[in-house]
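The sequence and the structure are shown first.

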Amino acid sequence: MTAPIAAAEVVRAVLPNGLTCLVRASPGAGMVALHAYLRAGGMFDRDRPGLARFVGAALIRGTHRHRGPDLAEALDTMGASLTVSAGTETASLAAHGLAEDLPRLLGFAAEVLVEPAFPPDEVERVRGELLTAIRVNGLDTRQVAERLFRRLAYPADHPHSRSPDGDEATVAGLDRATLEAFHRTHYVPGAAILAVVGDVEPSAALDRVAEAFAGWQGHGTPPPPAARAAPPATVVRGEASVPGKSQSDLVLGVPGVDRRDPDYYALMMANLLLGQLGLMGRIGQRVRETLGMAYYAYSDLRAGLLAGPWWVRAGVSPVNVDRAVAAILAEIEQLQSSGPAPDELADARTFLTGSLAVRLESTPGLAQMLADMELYALGLDYLERYPAIISAVSREAIVHAARRFPTSAYVLAVAGPDRSAA
Amino acid sequence: MLDHHATTLPNGLQVLVQESHATPLATFWLWYRVGSRNEMPGATGVSHWVEHLLFKGTQRYPAGTMMRLIDRLGGRWNAFTWKDYTAYFEVLPAERIETAVRLEADRMQHTIFDPDVVASERTVIISEREGAENFPSYSLREEVDALAFKAHPYRQPVIGWKEDLRAITRDDLYRHYRTYYHPGNAIAVAVGAFDTTTMVALIETAFGEIPPGEPPPPVRAVEPEQAGERRVVLRRPGGATAYLHIAYHVPAASHPDLAPLLVLDGVLSGFKGVAAFDGGGGGRSSRLHRALVDGGLATEASSGLIPSADPTVFRIVATVRSGVEVAAVEAAVHREVARLQQEPVPAAELDKVKRQALAQFVYLRDGVSRRAAALGAFAAVDRPQTLAAVADAIGRVTADDLARVAGAYLVETRRTVGWYVPDGAPREATERAA
């Protein structure tokens, strides 16, 4: 089957200001999608947790050309959607609209990224929304367990040691000048990627991008912080009790690898077998299907620019936490000792290569994939090479990768009803 | 764009097929007209539980191998249960779609209801329910639905009441399956890169021999007209901020007021996609966003109407901004609703919402799944043609229509107002070393 994106279909250009742009046509879609990455994630927050997210959220609230409400009105009138959000490693802009509106959509994307005004009244509104979200997440058991895990699994100066939400005290105190300074430093074309996919003619679309972003100047970004995380030496447990809850959510894991790690594909496949393939892999099979203990029990490998967590997450009745943990550890040990069965490995391979088209069904999905290919330097022929990459991962490599999730040294974080009295 | 080929097999299976070669994919959906609407008190949640059991295997596709088969072929699959329907779907490279059609035909008839599997799934579903209970906004919705409907089963949560989940037996589940899972109560929808004639023949081959089954018992309950406003205040710990949830009684999908109500929803919070459970568009310029979020009262505000088989509710929900009184948010909602009743929506604003609707119908064409979801959902609650008819009718909605439906439906005597107010318990999680 042909790859959903082939190198020959992609037009890639670096504009004079350094912006890397990728365009791919999907004739007949009627729509167009943009996906941009900026080196402006929470990893650059340093001692001001929540700063990157605040800046990302404030960008669409007004530019030097349009007030926030006017921007919203214009986008809604096009039936378009444009959002900016900052995660741990990057900030991203995602937009889609009718194909005929591409020039205007690009114009608004450029305004938002290049000329945000941070109007004082809008900044206060955003602050209120962020503070409410921080408080809501502070009582959301999944979020509480995740934050606790991050704090226990990563050293305090590691970007993955905290959530990009930030904390109440910092977000309450950030002033407009700080937001503007962060924007000036991190929203620069030389460190930005823009992918365009849709019902467009690539060279014309590239011209539109060049016009829209011509005024964007600035180069370089500060180097990312040192991000070394030693694996835990022993089992580290933490527990948070949250009032008024029925279920406990748990996160069990270790620091993983980054996307350029030579073992990435082996870990990705070990993770697929462990907690994703079919109904949440081997862990889902045991914890949900055999033991009936959880609605969700899966694993996830967050490999990006940095080594994010490799974790197992499950929601279980408070009385079943210990049994669920034992079952999860048993499945990890099983994969480490016996490795994947031949048919299981064959299934995993055909799933990964065969499902590319299905996983990239939508135009916004393709735009994000194209931007990812640039962000992680995968090459424009990545999806064409993908089947060969996957078939080259050996059974032994997967077993070796699984052993990077030691069952005698991991972090376990649990949040839910108070279990201390149980 | 919304054209499709429709046929009905002699055994009653409704077949809807749309050929589309934009991507090399195909999707197959099987919809059953059964959901919490068809459940009796004491056995709520039985439809959703049956959905889970349909993944537990048949003789031909034993437990654990069924969905692995779809994975191996590079597919995506899932299922969901709603008040009016239960739907199963697969998305596959087009040349492999036959496997999905055969699998769905097989599990329509031959799902094994093993007592041990039923027992183990009981705790999975209770876990699913308890996970939802962790969110106060979920519990508030349950309270509002139970109060808004006093006779109609739309009052029941799709997942079921917890005591019912503890009591339902294997035989209850099997009886429910036998009653509702047959061709006469189902709709097959296929969208994708195939030849229509070949696809129809494939569906005929897979489903044609299945006996028609008895027509399921009709849902007789009719919700009596509401006589006055209903209110519920849910107070419990576990939430960091207050939530507002208002539900107004509105007609079923078959009613001609569906189109103006969908446009009204667009004026309030942006026009949403029409596929089942599709997300919204932008909506930051909408009236609720302006009044509540820009107004500093709420951090999120939205409205919504899911086209339904029976008269249902139009919802307005808001997450109250920390430190704001929920009463102030409610008052602002009432002001916005009153404005819709008293002042005609300006032409530019109406055009904006129609343009959003037009764009959503274009986005519906992206890929194959969303089209199948939209077509199937309308077929399940009314007729498949309603999807295209609603798209047309939206273009004809006038400002007078909006004022009329706002005045007819979004009124005090048709509304149930729910507040969630965090209890005075600690606002933070307490950590301890374990």
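Two residues are in contact if their C-beta atoms, placed from the backbone, lie within 7 Å. The model is predicted, and every contact discussed below is computed from its coordinates.

**Domains of chain A**

Chain A is divided into domain 1 (7-212) and domain 2 (236-416). Between these domains, 36 residues of domain 1 of chain A are in contact with 36 residues of domain 2 of chain A. On the domain 1 side, the elements of chain A that give two or more residues include strand E1 (10-14), strand E3 (31-38) and helix H5 (141-153). H5(A) provides the largest share of that side, nine residues. By class, the side of domain 1 of chain A that touches domain 2 of chain A comprises 24 nonpolar, seven polar and five charged residues. The centres of the two domains of chain A, taken over C-alpha atoms, are separated by 27 Å.

**Confidence and overall form of chain B**

For the complex, the predictor gives an ipTM of 0.93 and a pTM of 0.95. Chain B has a mean pLDDT of 94, and 96% of its residues reach 70 or more. Where pLDDT is low, the predicted coordinates should not be read in detail.

Chain B contains 15 helices and 12 strands. Its radius of gyration is 22 Å, close to the 22 Å that the globule rule gives for 434 residues, so chain B is as compact as a globular protein of that length. Along the principal axes, the C-alpha atoms of chain B fill a box of roughly 60 × 55 × 45 Å. Of the 434 residues in chain B, 56% are buried. Among contacts in chain B with a separation of 6 or more, 81% are between residues 24 or more positions apart.

**Domains of chain B**

The domain assignment of chain B gives domain 1 (5-207) and domain 2 (230-422). Their centres, taken over C-alpha atoms, are separated by 27 Å. The contact between them takes 34 residues from domain 1 of chain B and 28 residues from domain 2 of chain B. Elements of chain B that each supply at least two residues of the domain 1 side include strand E2 (14-19), strand E3 (25-32) and helix H5 (136-148). H5(B) gives the most to this side, with nine residues. The side of domain 1 of chain B that touches domain 2 of chain B has 19 nonpolar, nine polar and six charged residues.

**Strand E11 of chain B**

Seven of the eight residues of strand E11 (residues 415-422) of chain B are buried, so E11(B) is largely enclosed by the rest of the structure.

| Partner of E11(B) | Bridges | Direction |
|---|---|---|
| Strand E7 (residues 230-236) of chain B | Seven bridges | Parallel |
| Strand E8 (residues 243-250) of chain B | Six bridges | Antiparallel |

In E11(B), B:Gly418 stands opposite B:Val232, and B:Tyr420 stands opposite B:Tyr243.

**Contact between the chains**

How many residues does the contact take from chain B and from chain A? It takes 68 residues from chain B and 63 residues from chain A. Among the elements of chain B that give two or more residues to its side are helix H2 (66-72), helix H4 (115-133) and helix H12 (347-363). H4(B) gives the most, with nine residues. The residues of the side of chain B that touches chain A divide into 22 nonpolar, 25 polar and 21 charged.

How values were computed:
Residues are numbered from 1 along each chain as its sequence is written. Chains are lettered from A and ligands numbered from 1 in the order in which they are written. This is a predicted model: local features need pLDDT of at least 70, side-chain atom pairs count only at pLDDT 80 or more; totals for chains, interfaces and linings use all residues. Helices (H or I, at least four residues) and strands (E, at least two) are DSSP runs, numbered from the N terminus. Ala, Val, Leu, Ile, Met, Phe, Trp, Tyr, Cys and Pro count as nonpolar, Asp, Glu, Lys and Arg as charged, and the others, Gly among them, as polar. Domain bounds come from an automatic or database domain assignment. pLDDT is the predictor's confidence in each residue, from 0 to 100. A residue is buried if 20 or more other C-beta atoms lie within 10 Å of its own, exposed if 12 or fewer, and partly exposed in between; C-beta atoms are placed from the backbone. Two strands pair if DSSP finds at least two bridges between them. The radius of gyration is taken over C-alpha atoms; the globule rule is 2.2 Å times the number of residues to the power 0.38.
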